[in-house]
Amino acid sequence: QVQLVESGGGLVQAGGSLRLSCAASGSAVVATDMGWYRQAPGKPRELVATITRGGSTNYAAPVSGRFTISRDNAKNTAYLQMNSLKPEDTAVYYCNADAFSRATGWSIPRNYWGQGTQVTVSS
């Protein structure tokens, strides 16, 4: 029942900006922890940033100071504002979230992954 829908990826020039969105959709959903991960060609998936429902954030060193994660609890949506993009940021970006839902009886939170959105930064 819970679906993570990502948007905002694309092709940009180095130094440019992109804003990614991730919405946890469903008839009755409450997202708790949310985050962004990325996977570059030939490399394993890595953490980009996380945010708790209360707004506490955590960033991976390579993006600290350039990326900002935020959320709108009413919309069960997380955002990733990416500024000063570098070619090294090129990757498929995946949204991840823990969420309660009416479909699962509000029993325990489940973990979900989005389909991913491509971000390509040209030099």
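Is Asn76 buried or exposed? Select Asn76 and look. Asn76 is buried, at a relative accessible area of 10%. Buried means under 20% relative accessible area, exposed means over 50%, and partly exposed lies in between, with a 1.4 Å probe and protein chains only.

Before going on, note the ground rules. This is a predicted model, in which local features need pLDDT of at least 70, side-chain atom pairs count only at pLDDT 80 or more, and totals for chains, interfaces and linings use all residues. Residues are numbered from 1 along each chain as its sequence is written, and side-chain values use heavy atoms, with hydrogens and water left out.

**Whole chain**

Show the protein chain as a cartoon. It has 0 helices and 11 strands. Helices (H or I, at least four residues) and strands (E, at least two) are DSSP runs, numbered from the N terminus. The radius of gyration is 14 Å, close to the 14 Å of the globule rule for 123 residues, so the chain is as compact as a globular protein of that length. That radius is taken over C-alpha atoms, and the rule is 2.2 Å times the number of residues to the power 0.38. Along the principal axes, the C-alpha atoms fill a box of roughly 50 × 25 × 20 Å. Of the 123 residues, 37% count as buried.

**The four-stranded sheet**

Select β1, β3, β8 and β7. They form an open sheet in the order β1-β3-β8-β7, with antiparallel pairing. Two strands pair if DSSP finds at least two bridges between them. The edge strands are β1 (3–7) and β7 (67–72), each pairing on one side only.

Start at β1. It pairs with β3 (residues 18–25) over 5 bridges, in the antiparallel sense. Leu4 stands opposite Ala24 in β3. Now colour β1 by face. Leu4 and Glu6 make up the covered face, while Gln3, Val5 and Ser7 lie on the uncovered one. In a regular strand the side chains alternate between the two faces of the sheet.

Antiparallel β7 and β8 (residues 77–82) are joined by 6 bridges. Asp72 has Thr77 in β8 as its bridge partner.

**Two loops with positive phi**

Return to Asn76, in the loop between β7 and β8. Its phi is near 50 degrees, a positive value in a residue other than glycine. Most residues other than glycine have a negative phi. Next, select Ser84, in the loop between β8 and β9. Ser84 is not a glycine either, yet has a positive phi of about 50 degrees. Ser84 is partly exposed, with a relative accessible area of 36%.

**The core**

Show side chains for Met34, Trp36, Val48, Phe67, Leu80, Met82 and Tyr93. These touch the most other members of the largest nonpolar core, which has 29 residues. Such a core is a set of buried Ala, Val, Leu, Ile, Met, Phe, Trp, Tyr and Cys residues joined through side-chain atoms within 4.5 Å. β9 gives the most to this core, with 5 residues.

Centre on Val48. Beyond its neighbours within four places in sequence, its contacts include Trp36, Asn58, Phe67, Leu80 and Tyr93. Contact means heavy atoms within 4.5 Å.

**Last stop**

Select Arg102, in the loop between β9 (91–101) and β10 (110–113). Arg102 counts as exposed because its relative accessibility is 57%. Arg102 and Cys22 are 20 Å apart in space and 80 residues apart in sequence.
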